[in-house]
Amino acid sequence: MLGNWTGLWTLVRREMVRTFKVINQVIWPPIITTVLYVLVFGLGIGSRIPTVQGVSYAAFLIPGLIMLQVIDQTYGESSSSVFQGRFLNSIQEMLIAPMSSLEIVGGFIISSILRAILIALLILGVGAVMVHATPHNWLLALLVTVLVSSLFGALGIVAGLLAEKFDHIAVLTTFVITPLVFVGGVFTTTQFLPPFVRNITLFNPMFYMIDAFRFAFTGRSDEPLWMSLGVVGLLTGGALGAALTMTARGYKLRA
Amino acid sequence: MSGFREGPPALRIEHLSKHYGTLVAVDDICLQVAQGDFFGFLGPNGAGKTTTINAIVGLAKIDAGRIDIFGNDNARDWRVARRLVGLAPQEYNFDRFLSIRDILIYQAGYYGLSGEGVRRRADVLLERFGLASKARDTYLKLSGGMKRRLTLARALIHEPRLLILDEPTAGVDVELRIELWGMLRELNAAGTTIILTTHYLEEAESMCRNIAIIEAGCIVAMDSTVALLARRRHDALSVTLDRPLAVMPPELAARAARYDPATRTIFLDRLAPADVPAALAVVEKAGYELADVEFKRASLQDVFLDLMRK
């Protein structure tokens, strides 16, 4: 139930304040990491690779690297913000206020989207300057960024609620998210993979996110765009539903 | 409930129950706080005070019962109900990423309030609670007393009609405690209903008009402070004589007076203040001079301990 728009907007502002207070953890690392990836893999090793999906290998890398950082940062920020709020009880400031669970989850998700757009734009700037990579379809790029950041913002909320210690938050990043993103097409198209590995990749949800986002840059994809958007949309809906249900039930929030 | 303040309730709790697994934290309690009251909610650790408060403000899910805040069901009309309540929790739970001033402004935002009016009110509260010079700092730079004052300022930013204070003077020095008492009296005089939990029973005795005592999840007493104090059974008179007592005067013996030869002192328990002159007159009439007289009035603490022993 939405009604307290000021409350929702206050939470968004609070999350953005938090982002800029920890700018050295949230904003600069993705940019520096991307520059290094582009230098080492894109311009270094990639100079020996002919075009991929009609663009240079370095330009091919950029959409995947943006997704990698968007996924990593949106999950990391929302999970740590929720967990820290629980751990220090500061989340009670909004729990005792007239804010619905939809407004609380909405506040975290909108701030995840804004953070993702900011990171994506900064990396895009790097891509545009270093390898002349820009989206052909800005609307699609924005849509995928919004869906993916909502998905991982919601997963971050779920993880922040489930975690008993900070270490638990890292489990999903270390053992699930990072491996799946790395083998999900950041560095290569599935066309380069053996058929067996390519078939396995189709079970990797990260592949569809990267494939749809890359379509906005290259106009080509390994799988049909509708399928990728459908998978990402379904996963986003599921994650938002889980985050909303847990918050509405007060899971580890209201004793 | 003699002397219990009447009036439309700021808070009405009906048959509230809350369990944590097999532990019964609150067991079918009923409670009513009149508008404008200064209400003490007392009990030992683990008695159910914080669970009850958490249920009122929506931090605890209740198993049974109903809580109305100024007539608004805090489950059904939760937005209106929460808007009317301010909570100053015992533990500091400030947002570590915000400045002191922003803690107040953002808290108002969560309550749906924004704009110049909120910023002005935040500045007024910072000034009133002696925090204006720290407005741009984070709470980590505040002293314990300042954090306690900030807790109160934050609870007041949205101008609640019911203010709940969970141990507001825990761990603060005497000077600040007296200062906080003054602030709370002012707020109450201005019409804010206050519910106070405290371990300092003299605080409850001097501040609260009505008191409820909870023990093991059950309300064991709820009455006006005056009426509760009238239950005291420990007012005691001790009279030290100029020489050893030969025979206990029969009037005092009939009241179960005790005599300590070592100190030449007669002790009379459960004596009303009005009966003191008569008791002293009996001693003097028996031919003794009064070397020393002490009348010790029982406090809320005695009443509290009596109730806990039952």
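This is a predicted model: local features need pLDDT of at least 70, side-chain atom pairs count only at pLDDT 80 or more; totals for chains, interfaces and linings use all residues.
In chain B, six strands form an open sheet in which the strand order is 6-7-8-3-9-10 and the pairing is mixed. From one strand to the next, the twist averages 15°. In general, the strands of a sheet pair through backbone hydrogen bonds, and the pairing may be either parallel or antiparallel. The parallel sense is found between strand 7 (residues 162-166) and strand 8 (residues 193-197) of chain B, which are joined over five bridges. Within this pair, the residue that stands opposite Leu162(B) is Thr193(B), in strand 8 of chain B.

Helices also pack on this sheet, among them helix 5 (residues 144-156) of chain B, which touches strand 6 and strand 7 of chain B and whose direction makes about 170° with that of strand 6 of chain B. Helix 1 (residues 49-57) of chain B lies across strand 3 (38-42), strand 6, strand 7, strand 8 and strand 9 (210-215) of chain B, and it runs at about 150° to strand 7 of chain B.

Between the two chains, 23 residues of chain A are in contact with 26 residues of chain B. On the side of chain A that touches chain B, at least two residues are supplied by each of helix 1 (5-21) and helix 5 (92-95) of chain A. The largest share of this side, seven residues, comes from helix 1 of chain A. When the residues of this side of chain A are sorted by class, nine are nonpolar, nine are polar and five are charged.

Within chain A, helix 8 (residues 166-186) packs against helix 10 (residues 205-218) at an angle of about 45°, and the axes of these helices are 8 Å apart. An angle of this size falls between the limits of 35 degrees for roughly parallel and 65 degrees for roughly perpendicular, and helix 8 and helix 10 of chain A are therefore oblique to each other. The crossing of helix 8 of chain A with helix 10 of chain A is right-handed. To the contact, helix 8 of chain A contributes Leu180(A), Val181(A), Gly184(A), Gly185(A) and Val186(A), while helix 10 of chain A contributes Met206(A), Phe207(A), Ile210(A) and Asp211(A). By class, the contact between helix 8 and helix 10 of chain A comprises six nonpolar, two polar and one charged residues.

Definitions and conventions. Residues are numbered from 1 along each chain as its sequence is written. Chains are lettered from A and ligands numbered from 1 in the order in which they are written. Two strands pair if DSSP finds at least two bridges between them. Helices (H or I, at least four residues) and strands (E, at least two) are DSSP runs, numbered from the N terminus. Axes are lines fitted to C-alpha atoms, for helices over the stretch in contact, and angles run from 0 to 180 degrees between N-to-C directions. Two residues are in contact if their C-beta atoms, placed from the backbone, lie within 7 Å. Ala, Val, Leu, Ile, Met, Phe, Trp, Tyr, Cys and Pro count as nonpolar, Asp, Glu, Lys and Arg as charged, and the others, Gly among them, as polar. Angles under 35 degrees count as roughly parallel, over 145 as roughly antiparallel, 65 to 115 as roughly perpendicular and the rest as oblique. A crossing is left-handed if the near helix is turned anticlockwise from the far one by less than a right angle, and right-handed if clockwise.
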